[in-house]
Amino acid sequence: MSIVDVKVPQLSESVAEATLLQWKKKAGEAVAQDEILIEIETDKVVLEVPAPSAGVLSEIVVADGGTVTADQVIAKIDSAGRASAAAAAPAAAATAAPAAAKPAAAPATGGSKSDVAMPAAAKLMADNSLAAGSVPGTGRDGRITKGDVLSAVAGGAKPAAAVPSARPPAPALPQVAAPVAPDLGGRPEQRVPMSRLRARVAERLLQSQSSNAILTTFNEVNMAPVMEMRKKFQEKFEKEHGVKLGFMSFFVKAAVHALKKYPVLNASVDGNDIVYHGYFDIGIAVGSPRGLVVPILRNADQQSFADIEKKIAEYGAKARDGKLGIEEMTGGTFSISNGGVFGSMLSTPIINPPQSAILGVHATKDRAVVENGQVVVRPINYLAMSYDHRIIDGREAVLGLVAMKEALEDPARLLFDI
């Protein structure tokens, strides 16, 4: 026998422990090398644990839902075993259980017939809840007859306190434990524990609210120039780069444009120091089945529109499938949250620590605005930027958002960096 340990992969420095989700194999089943055995949830990502060797999963050390740490052994694989041999023990135990239960069903009479009831008598006794010992038998060898039961009933024989039976109890007995959820009269509730990711998001949001002096400034943007440029080049762009030209690449470029002008928006607080970052790692908030995740666009200032759109599409797919890696969500100097994809008109985004600012983008809607003294209809998007007032004054925040507005209303500025 050659045993190979299945261990928890290395976690990031900021992650101390993780939770096992659900084993995809049972003990005794064959596994192939690199076959995914289980997924492990951290407070940032879900990691897949492949089988380090082919063989038989001989033992599951930590069950579903268990808390584990890096390099902890969670299962063992017998690389020389066979599934049929390994599964023989559980199968034998399963077949042995009914056989062991059979003697308990036999009456404990010690071979005596003195308390054995005739079929008709047994039925009558059951109907009247009479135990065998409460009715004297007058039949051959002391057997209980129907007449004996009728006489006992007429004489006022007391019903048995409990009638032993070889049959299993009915599933609806009152002895069954009460359900966890109370009966609310047709108003059901369900209590579900937070996932590690959801708990981590909650922790970070509370941290942000309690440690930052958050203020939000707003502005409106006429998206017509961006929409016209996008419409004009969409077909050629997709044909050339294999990805659609979306709005997020414009927002990312406009944000980088403003961060270059006002570097404090791209800074962070470290104790009593302000750390000014000479690079632009933009976090893109993405909704996933597990909750909100924020993958990072590294060096966004050096990426083209096509690079940004491809990366956003890649992150979106990974978020849906739970495949984002820890390194893809670590760091970031500024974030963008696009609630507009869900129809949000206006919101106040919460800063993602240790960053000091975040841009909230919303749904673009046709609205009546005044231009040159005339009321006209324009596609308007309301932008909101929350910032840490400890290091960012209102002047830099407002002017930074205005710089984003001007870049979006005149996209040529993004090409010439003006």
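## Ground rules and overview

Angles between axes under 35 degrees count as roughly parallel, over 145 as roughly antiparallel, 65 to 115 as roughly perpendicular, and the rest as oblique. The axes themselves are lines fitted to C-alpha atoms, for helices over the stretch in contact, with angles running from 0 to 180 degrees between N-to-C directions.

What you have here is a predicted model, where local features need pLDDT of at least 70 and side-chain atom pairs count only at pLDDT 80 or more, while totals for chains, interfaces and linings use all residues. Residues are numbered from 1 along each chain as its sequence is written, and side-chain values use heavy atoms, with hydrogens and water left out.

The protein has nine helices and 19 strands (DSSP runs numbered from the N terminus: H or I of at least four residues for helices, E of at least two for strands). Of its 418 residues, 37% count as buried (under 20% relative accessible area; exposed is over 50% and partly exposed lies in between, with a 1.4 Å probe and protein chains only). Take the contacts (heavy atoms within 4.5 Å) with a separation of 6 or more: residues 24 or more positions apart account for 64% of them.

## Helix α6 and its two partners

Start with α6 (residues 248–261) and α7 (residues 305–321). Their axes come within 9 Å and cross at roughly 120°, so the pair is oblique. For the bookkeeping, Ala, Val, Leu, Ile, Met, Phe, Trp, Tyr, Cys and Pro count as nonpolar, Asp, Glu, Lys and Arg as charged, and the others, Gly among them, as polar.

Now for α8 (residues 394–409). The axes of α6 and α8 come within 8 Å, crossing at roughly 135°, and this pair is therefore oblique too. Here α6 passes α8 in a right-handed crossing. From α6, the residues involved are Phe250, Phe251, Ala254, Ala255, His257 and Ala258, and they meet Gly400, Ala403, Met404, Ala407 and Leu408 of α8. There are nine nonpolar and two polar residues in this contact, with no charged ones.

## More on α8

Lys405 also belongs to α8. Is this lysine buried or exposed? With a relative accessible area of 19%, Lys405 is buried. Not counting residues up to four places away in sequence, Lys405 touches Asn219, Glu220 and Val221.

Val402, another α8 residue, is partly exposed at 23% relative accessible area. Val402 and Asn219 are 183 residues apart in sequence, yet their C-alpha atoms are 7.4 Å apart in space.

## The two sides of α3

In α3 (residues 146–154), the buried residues are Asp148, Val149 and Ala152. Looking down the helix axis, they fall within an arc of 95°, so they line one face of α3. That arc is taken over the directions from the helix axis to the C-beta atoms.

A couple of aspartates are worth a look if you're checking phi. Asp34 has a positive phi of about 70° without being a glycine; it sits in the loop between β3 (30–31) and β4 (36–41) and is exposed, at 55% relative accessible area. Asp71 also has a positive phi of about 70° and is not a glycine. Its loop runs between β7 (67–68) and β8 (73–78), and Asp71 counts as partly exposed at 43%.

Over in the loop between β16 (334–338) and β17 (357–361) you'll find Pro354, joined to Pro353 by a cis peptide bond with omega at about 5°.

Lastly, Lys24 is in the loop between β2 (18–20) and β3, partly exposed at 46% relative accessibility. Lys24 and Ile36 are 12 residues apart in sequence and 7.5 Å apart in space, C-alpha to C-alpha. Neighbours within four places aside, Lys24 is in contact with Ile36, Leu37 and Glu39.

Note on methods:
A crossing is left-handed if the near helix is turned anticlockwise from the far one by less than a right angle, and right-handed if clockwise.
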